[in-house]
Amino acid sequence: EVKKFPVTFQKFPGYNSVLLTHRMLETIITRNEPTWKSALLNMKGVYLIVDNYGGNMYVGSASGDDAIWSRWKEYSKNLHGGNVLLKKFVKKKGLDYCSNNFQYSILEIFHMNTPAKDIINRESFWKDILKTRTFGFNRN
C-alpha cells in the first residue's frame with residue numbers, strides 16, 4: 001500500500017530571493033500556495049523571465065490591482081502572458097521546451113499605491129540595463 005502525504009511547497013522566501021522554474025510557478029499558482037499568493041498579490045513589481053538554455057530574457061512589469069500574482073498566473077497558463085515575441089518563441093520552441101527552461105525572478109518591488117507610470121519607467125530602465133530590446137524578448 002502506498003501512503004499519500006500532502007505535498008507542501010516552500011514558503012515564500014522574500015522578494016529578493018525569488019527564483020522559480022516554470023514548473024514551480026505552475027505549482028504555486030495551481031495550489032494557490034498561501035504565502036506566495038499573499039506576497040505576490042500585495043506587491044507590484046518588475047520581473048525577469050529567462051530562457052535558461054538559450055539565454056534570452058524578458059523584462060515585464062506588474063502594475064495592476066492583483067500585482068505580480070495576476071501577471072505570473074498568465075505565464076503559468078500560457079508561458080507568454082500575451083507578449084508578442086514570447087508567443088512566437090513558445091510557438092517555435094514548443095511548450096515542453098519553454099516549460100523546462102523558463103525561469104522567473106523579481107528585479108524590483110513597489111508598494112500597491114505606486115503609480116503605474118513609475119513602474120513602467122523602472123521596467124524600461126531594466127530593459128536598458130539588460131539589453132532585452134536588442135538581445136531578448138522585449139520590443140518596446
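**Entry 1, the model.** I'm working from a predicted model.

I looked up how helix α1 (residues 22-31) sits against helix α3 (residues 67-78): their axes come within 9 Å and cross at roughly 115°. The crossing of α1 past α3 is left-handed. Next I checked who makes the contact. From α1 I noted His22, Leu25, Glu26, Ile28 and Ile29, and from α3 Trp69, Trp72, Lys73, Tyr75 and Ser76. Sorted by class, that contact has six nonpolar, two polar and two charged residues.

I found 12 aromatic pairs in the structure. I started with Phe12 and Tyr15, whose ring centres are 4.9 Å apart; their planes stand at 65°, so I wrote the pair down as edge-to-face. Phe12 is buried at 17% relative accessibility, and Tyr15 is buried too, at 18%.

Phe12 also pairs with Trp36: the centres are 5.0 Å apart and the planes are at 90°, so this pair is edge-to-face. I then checked where the partners sit in the chain. Phe12 belongs to the segment before β1 (19-21) and Trp36 to helix α2 (residues 34-41), so the pair links distant parts of the chain, 24 residues apart. Trp36 is buried, with a relative accessible area of 0%.

I listed Tyr47, Tyr58, Trp72, Tyr75 and Tyr104 as one aromatic cluster. Trp72 and Tyr75 were already in my notes, from the α3 side of the helix contact.

I saw Lys93 over the face of Tyr97, 5.0 Å from the ring centre. Arg122 has its charged end over the ring of Phe125, at 4.2 Å from the centre.

Technical notes
Residues numbered from 1 in each chain as written. Predicted model: local features only at pLDDT ≥ 70, side-chain atom pairs only at ≥ 80, totals over all residues. Heavy atoms only, no water. Axes fitted to C-alpha atoms, helices over the stretch in contact; angles between N-to-C directions. Helix = DSSP H or I, 4+ residues; strand = E, 2+ residues; numbered from the N terminus. Left-handed = near helix turned anticlockwise from the far one by under 90°. Contact = heavy atoms within 4.5 Å. Nonpolar A, V, L, I, M, F, W, Y, C, P; charged D, E, K, R; others polar. Phe/Tyr/Trp six-rings, centres within 6.5 Å; stacked < 30°, edge-to-face > 60°. Buried < 20%, exposed > 50% of the residue type's maximum accessible area, 1.4 Å probe, protein only. Lys NZ or Arg CZ within 6 Å of the ring centre and 35° of its normal.
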